Amino acid sequence: MTGVRSDFVEKGHASPFNPTVVYFDLPGCGTAAVPRADYIETYDLRDRYDAFILVLERRVDESDLWLYDFFTNNNKRVFLVRNKVNIDIVSEAEDYSREPSETLDLIRQDLVGEFKLTDHDDVYLISAKLRDSGRFDLPRLKTDIGASLGSVKQRKFALSLAEHTELLLAQREAAAMDAVRTHALMAAANSGLNPVPIVDSAINFGVVMSMNHEVAKA
């Protein structure tokens with residue numbers, strides 16, 4: 001989530017901590033390069049991914065709303081993420097003398113209204129800067145993604161993260177212990193031969209970047 005548009009990588013980006021967890025950085029839709037009419041079929045949004053992270057910056061446009069409606073109407077798990085709130089906090093403090101908590105509340109309320117949400121917790125406010133990895137809603141986002149998956153995939157996801165909340169640490173320990181038990185049993189059953197994984201299906205996440213910042217520059 002760098003904020004810089006890159007070409008779609010068909011194989012995605014595997015987690016260095018668990019290669020069965022794969023992230024796909026999908027281009028924003030509704031641009032000349034990626035028209036809305038072809039977007040769902042082009043990137044196989046109906047069948048390919050386990051969950052989606054819709055990343056927004058500043059403005060919300062019709063394509064963001066359209067895409068979010070598609071996900072929810074088709075029972076796809078989607079996490080609505082507003083990035084770069086660290087910049088907003090500084091700007092609002094300088095321009096309006098607002099406290100950080102007030103700025104975050106205003107951003108959250110605006111998104112709840114734009115997307116017609118019923119729960120404020122459906123919005124995740126983050127800064128993708130490494131120094132902010134433990135701030136704002138990023139720890140909660142990690143936890144909620146893990147909780148949304150089935151038990152096996154949930155454990156794979158927990159193993160894939162470099163940094164963890166307390167809950168994710170517990171999930172990672174449980175996943176590691178299960179792996180040890182499984183490999184021990186398989187090794188015994190195969191008379192010392194290397195065991196093969198019982199589950200080899202990948203967890204695929206579609207990460208859709210809002211392209212508003214690029215449209216504004218055009």
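# Reading helix α3 and its surroundings

Q: What do the buried residues of α3 pack against in this model?
A: The buried residues of α3 pack against β4 (78-82), α4 and β5. Please keep in mind that this is a predicted model.

Q: Which residues of α3 are the buried ones?
A: They are V85, N86, D88, I89 and E92. Each of these counts as buried, a word that calls for a relative accessible area under 20%.

Q: How do you know that the buried residues of α3 line one face of the helix?
A: Looking down the axis of α3, you find its buried residues within an arc of 160°, so they line one face. On the other side of α3, E94 and D95 are exposed.

Q: What makes the length of α3 agree with its number of residues?
A: At 1.5 Å a residue, the twelve residues of α3 should span 16 Å, and the end C-alpha atoms of α3 are 16 Å apart, so the two values agree.

Q: What follows α3?
A: S97 follows α3, and the phi of S97 is positive, near 55°.

Q: Why is E99 called exposed?
A: Exposed means over 50% relative accessible area. E99 has 52%, so E99 is exposed. You will find E99 in the loop between α3 (85-96) and α4. E99 and I89 are ten residues apart in sequence, and their C-alpha atoms are 7.7 Å apart in space.

Q: Why does T103 count as buried?
A: The limit for buried is under 20% relative accessible area. T103 has 3% relative accessibility, so T103 counts as buried. T103 lies in helix α4 (residues 100-114). Leaving aside residues up to four places away in sequence, T103 touches D88, I89, E92 and R98.

Q: What makes D132 a buried residue?
A: D132 has 3% relative accessibility, to be set against the limit of under 20%, so D132 counts as buried. D132 sits in the loop between β5 (123-125) and α5 (138-148). Not counting residues up to four places away in sequence, D132 touches N86 and S127.

Q: How many aromatic pairs does a search of the whole structure find?
A: The search finds seven.

Q: Why is the pair of Y39 and Y43 called tilted?
A: The planes of Y39 and Y43 are 55° apart, whereas stacked needs under 30 degrees and edge-to-face over 60, so this pair falls among the rest, called tilted. The centres of the two rings are 5.1 Å apart, and both Y39 and Y43 are buried.

Q: What makes Y68 and F115 an edge-to-face pair?
A: The planes of Y68 and F115 are 70° apart, and over 60 degrees counts as edge-to-face. The ring centres of Y68 and F115 are 5.2 Å apart, while ring centres within 6.5 Å count as a pair. Y68 lies in helix α2 (residues 62-73) and F115 in the loop between α4 and β5, so the pair ties together parts that are 47 residues apart in sequence. Y68 is buried, and so is F115.

Q: Where does R98 lie relative to Y96?
A: R98 lies over the face of Y96, at 4.9 Å from the ring centre. The limit on that distance is 6 Å.

Q: How many helices and strands does the chain have?
A: The chain has eight helices and six strands. Buried residues make up 40% of its 218 residues.

How values were computed. Residues are numbered from 1 along each chain as its sequence is written. This is a predicted model: local features need pLDDT of at least 70, side-chain atom pairs count only at pLDDT 80 or more; totals for chains, interfaces and linings use all residues. Side-chain values use heavy atoms; hydrogens and water are left out. Helices (H or I, at least four residues) and strands (E, at least two) are DSSP runs, numbered from the N terminus. Buried means under 20% relative accessible area, exposed over 50%, partly exposed in between (1.4 Å probe, protein chains only). Contact means heavy atoms within 4.5 Å. The expected span of a helix is 1.5 Å times one less than its number of residues. The arc is that of the directions from the helix axis to the C-beta atoms. Rings of Phe, Tyr and Trp (its six-membered ring) pair if their centres lie within 6.5 Å; planes under 30 degrees apart count as stacked, over 60 as edge-to-face and the rest as tilted. A charge sits over a ring if NZ of Lys or CZ of Arg is within 6 Å of the ring centre and within 35 degrees of the ring normal.
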